[in-house]
Amino acid sequence: MSMSYAVKNLVQGSQELIAFRIGDQEFCVNIMSVREIRGWTPATPMPHAPAYVMGIVNLRGAVLPIVDLSARLGMGEAEPTPRYVIIVAHMRERVVGLLVEAVSDILTITDENIQPVPEVSSDLERQCARGILAIDKRMICLIDLDWLFPEKESEAA
Amino acid sequence: MDMNEIKEIFFQECEEQLAELESGLLKLNDGDRDPETVNAVFRAVHSIKGGAGAFGLDDLVSFAHVFETTLDCVRSNKLEPTQDVLKVMLKSADVLADLVAASRDGGSVDETRTRGLVKELEALAHGDVPSPASHEAPKPAAKAPAAAPKAESPKPTDDSGFQPIPFTFDDFGSDEPAIEGSTYDIMFKPRRELYSKGNEAALLLRDLSRIGEMSINCDATALPALDKMDPEGSYFGWTISIKTAKSEDDLRAVFEFAEWDCDLEVKPSEAESSDEELPMIPVPFDLSALDDAPAVDDKAEETLAAAVAAAETASNVAKAAGAAARAEKKETAAAAAAQNNAAAAAAAAGQTIRVDLDRVDRLINLVGELVINQAMLSQSVVENDATGTSAVNIGLEELQQLTREIQDSVMAIRAQPVKPVFQRMSRIVREVADMVGKSIRLVTEGENTEVDKTVIDKIAEPLTHMIRNAVDHGIETPEKREAAGKDPEGTIKLTAKHRSGRILIELADDGGGINRERVKQKAIDNDLIAPDANLSDEEIDNLIFAPGFSTADTISDISGRGVGMDVVKRSIQALGGRISISSRPGLGSTFTMSLPLTLAVLDGMVVTVAGQTLVVPLTAIVETLQPEASAIHSFGATQRLISIRNSFCPLVDVGRILNFRSTQANPVEGVALLVESEGGGQRALMVDAIQGQRQVVIKSLEANYTHVPGIAAATILGDGRVALILDVDAVVAASRGQSLKAEMSLAATG
C-alpha cells in the first residue's frame, strides 16, 4: 500500500494527510511524519515542564514526550479518556507523541487544495497553521509540527 | 566500500598505531631495551607511512619516512635510545599524530615545528652512523673523476619527495649506474595477496611506465584452463625492460607497498651494463640477500653514510629525503620481516574483531529492552501467583539471572581500558611543561582499568583540562621547587582503579598545593563568598569549582581562559560522577573523580514522591532514616533542619523542589534520604516512601525532549511506566537557593 502512495505522490504531486479531532475542530499533519498511532496510556509528569507537555511514556523502550495538542493550541488542557489516541510523529530529529481526541480521516490532497491561512489576530493560529483545507464542507487546519516545540526551548538543554 | 570508508579505516588504524608508538616510546623511556618494543615502535610508524602512501598523503609519508629512518638506526643498535633521543622521538610522535589528524580533518600543522623535528631526527640518524671515510676510502678512488661533476649538481627534488642523489652511488662503486638511459630488467609476479590487499598490477605498471620508456611482456604460462581458474588467484607475471634516468631505487619505489606480496626482481640489464663507461660490476640487489648477508648490509650502511656526507651542501629537507631513500631498500626488506612478525604476534595475542559501535549500541539497547521486559513479566507473574512456588516462578528467576548475565557481558563489550586517554595525557604534560618551562614527569597507574567507552570518550576533555591546570598552576617552577628542597622535576600521578562499582581516577601533583589565602581572596573579589565568611579548608579548596573562578594571575595560553574547574566539575557531573579535591600546602593537591562504569545502567533506589515514582541513584545515598518529630527543627521562615546524631542537616522536600506539590510535606510521614553532594555537606532529601532498590536502564530524556532541571534521565520500570531519575546534585544545589531554572540557563551557556 505504501508503495502505491509513493507512486501516486510522484505522479500527481499529491500528499497524504492524517486528520484528527480536538474538541469540535479538525486538524491534520502530513502522513510522512507520522510513525504510528497508539492508544492513550497515562504519562509520567515532568517537573518544570510547560503545561502542554503531559509527561513522558514508554514507547518500546524509548522515552516519548507527550504533547497535549489541545493545550498547545490554547484550547484548554485535555482530560484524556482511554479513547484518546497518541499520534507518534517525527519532529526534526525528535519523536514526540501528540495527544488528540480521535483520528478522523486520511486525506489525499494536492498542493492546490491548501489555502493560505487568513489574516487573523491570534499569533498562535498564524504560527501553528501552515494552511487550511476545505474538504466536504469541513475546515481542516494543517499543522506545522516544527512549531510545537519552539527551537529556543529545545536549545535550552 | 568506497574510498572514504577505506580511508576511515586507515585513520582508525592510525589511531591504534599512534597509541602503540607512544606506549612503546614511553616504555623505552623507562629503560625498556627489549628489541620487540623497538620493533613495535618501528612497525607503527612504518604502517602509518605505508597507508599514508596509498592515500597520497605526502606530508605524512615524508615525515613518517624520516622518523622511520631514525627509528631504524635505533633498531639496528646504531643509535642508543637515550633520554634525549627519546625526547625528540616523543615529540615526533606528537607531530605524527598531528599530521594524521590534519590529514583526516583538514587543518594544518605547525610547519616550523615539523621541519625542526625533521632536522633533529636527521641529526640523530646521522650522528651514530660510522664515519664513511674509513669504509669507503680505498674503493671509490678509481671512480672519483666520474663522480665529481655530478656531485656539484644534485638534482632537484622530484614529486615523490625522494630525491635521488646519484653521485653517491657512483662515488661508491655500488650497483646504481644512475646514468641517463640505463636499462633495467624487471621481473614482476604478483601473488594473490597483492590483489586481496587492494593493489592493482595494472596501476603499478602504469606508474612504472611514467618513469621511463619500457617494453613489457606478459607471462601467462601459469594461466590454467578456465574451469580450473580461481577468480581471485594471480596467474600473470610480467617481464619489463625499462630505459630510464632514474635509479633502481626509484623503480623499486613503485612497488614499495606491494613488494611483500609479489616476486620482484629489478636488475640492470645485462647487455646495457657491459656497455657502461664506468668499470662497475652490477650487484644484483636481492632482497633476501640484503637481509641475510652482512656484507651487503654494510654496503647499505655505507650508502647511507655516503649519502649523508655528500648531501651536506643540499638543503636539509632534501638531505633527509635523499638519505632516507638510500636506506629504503634495506629497511623495506627488514620491514617485510617485521610485518611477518607482527602478523604472528597479533595472532598470538588473542583474537579481536573490529565492530561498528552502532551495532554494539543496538545490542545494548536490545538487552536493555530485554531487562525491562523480563522485569515486567516477573511483576505480572508475581501479581497473579501469590504463592511464588510455581514452575513459572522458578523459570522466571533463572531467566532473571540469565538476563543479568547477558547484560553484564554486553556491557563488557563496550568496556575499554583507560589507557588511550592516559596516553594522550602524557603528550599534554610534555607540551604544556615545555611551554611553561617546567620539567614534569607523568606517572600513570592502572591504565588497564576498564570502563565503558562512552565514559572514556567523555573524561578525556575534563582530564585534559585538569592536567593542564596541574602543570600550569599545580607544579611550581624548577627554581621554586629547588628552593623548597624538592626534586626540580615535578611529578604528576594519574591513577585509575575500580572501587565499589565505580571507576576512581586520581590526579595527584607534588606541587605547592592550593594557596588558600589567594583562593579565598579571589573568591571574595569575585563575589563568590562574603568577605567575612568563615570557611573550612575543605570548603576553600572546593571554591575552585565555583563558576567563573580562575586563580591564574596572567591569562595564559594554557589555562585560565575564564573556563575553569567549574566546567570540569559540570562535565564530570553530567556523567553521573563526582569530583573532589584534597590539598596539602607545599606537598601538592589530589583531585579524585569517581565515575560510573557505564552510562547505560544505574543502581537506584525507587521512591515515591507526591504520587510519582522516582529513582534516586544509590551512589548518592549515604543512609536512609525515618525522621522523628522531635528531630525536625524549623529554621527561619521556610527552612527545616533535621538533627542526626547531634549534627544538623537541611531538609529538602523533593516534591516541593520538583513542583510536584505546592506545600511542604510533613517530614514525619515520609522517609529521609541522607545524600552527600558535591562541594561537601549533606542534605536530607524528603520522599514519601521507599519502594525498593533495583538496577535501572538509563534512558535519555534529551533525545526526544530536552534537559529537565533536577532530573538526570528517565528509566522504564517493571510495570512499563516511565520513572524519572533524580539529579541529586541539582536538587541539592536548588535547595541552596539557586533555582533549578537558573541551573538550566547555566547549563545552556556552559
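Which residues of chain B are linked in a network of salt bridges? The exercises below lead to this and to related points.

The model is predicted, so local features need pLDDT of at least 70 and side-chain atom pairs count only at pLDDT 80 or more, while totals for chains, interfaces and linings use all residues. Residues are numbered from 1 along each chain as its sequence is written, chains are lettered from A and ligands numbered from 1 in the order in which they are written, and side-chain values use heavy atoms, with hydrogens and water left out.

**Exercise 1. Identify the members of the salt-bridge network in chain B and examine one of its pairs.**

Step 1. A salt bridge is a side-chain nitrogen of Lys or Arg within 4 Å of a carboxyl oxygen of Asp or Glu. By this rule, 33 salt bridges are counted over all chains.

Step 2. The network links B:Glu22, B:Asp94, B:Asp98, B:Arg113, B:Arg427, B:Arg430 and B:Glu431.

Step 3. Within a salt bridge, B:Asp94 and B:Arg430 have an N to O distance of 2.8 Å. Because B:Asp94 belongs to helix H4 (residues 83-105) and B:Arg430 to helix H18 (residues 419-436) of chain B, the pair ties together parts that are 336 residues apart in sequence. Helices are DSSP runs of H or I with at least four residues, strands are runs of E with at least two, and both are numbered from the N terminus.

Step 4. Buried means under 20% relative accessible area, exposed over 50%, and partly exposed in between (1.4 Å probe, protein chains only). B:Asp94 has a value of 2% and is buried; B:Arg430, at 19%, also counts as buried.

**Exercise 2. Determine whether B:Glu489 is buried or partly exposed, and describe its salt bridge.**

Step 1. The partner of B:Glu489 is B:Arg441, and their closest N and O atoms are 3.5 Å apart.

Step 2. B:Glu489 lies in the loop between helix H20 (478-483) and strand S8 (490-499), and B:Arg441 lies in strand S6 (residues 440-445) of chain B, so the pair ties together parts that are 48 residues apart in sequence.

Step 3. B:Glu489 is partly exposed, at 28% relative accessible area, and B:Arg441 is partly exposed at 43%.

**Exercise 3. Describe how strands S15 and S16 of chain B pair.**

Step 1. Two strands pair if DSSP finds at least two bridges between them. Strand S15 (residues 632-635) and strand S16 (residues 639-644) of chain B pair in the antiparallel sense over four bridges.

Step 2. B:Ile632 has B:Ile642 in S16(B) as its bridge partner.

Step 3. The two strands, S15(B) and S16(B), form a hairpin with three residues between them, and B:Gly636 in the turn has a positive phi of about 70 degrees.

**Exercise 4. State the strand order of the five-stranded open sheet in chain A, and find its edges.**

Step 1. The order is S3-S6-S7-S5-S4, with mixed pairing.

Step 2. Strand S3 (34-39) and strand S4 (53-59) of chain A are the edge strands, each pairing on one side only.

Step 3. Strand S5 (residues 62-68) and strand S7 (residues 94-100) of chain A pair in the parallel sense over three bridges. Here A:Asp68 stands opposite A:Leu99 in S7(A).

**Exercise 5. Locate A:Gln127 and name its contacts.**

Step 1. A:Gln127 is in helix H3 (residues 123-128) of chain A and is partly exposed, at 47% relative accessible area.

Step 2. Contact means heavy atoms within 4.5 Å. Not counting residues up to four places away in sequence, A:Gln127 touches A:Asp144 and A:Trp147.

Step 3. The C-alpha atoms of A:Gln127 and A:Asp144 are separated by 7.9 Å, and the two residues are 17 residues apart along the chain.
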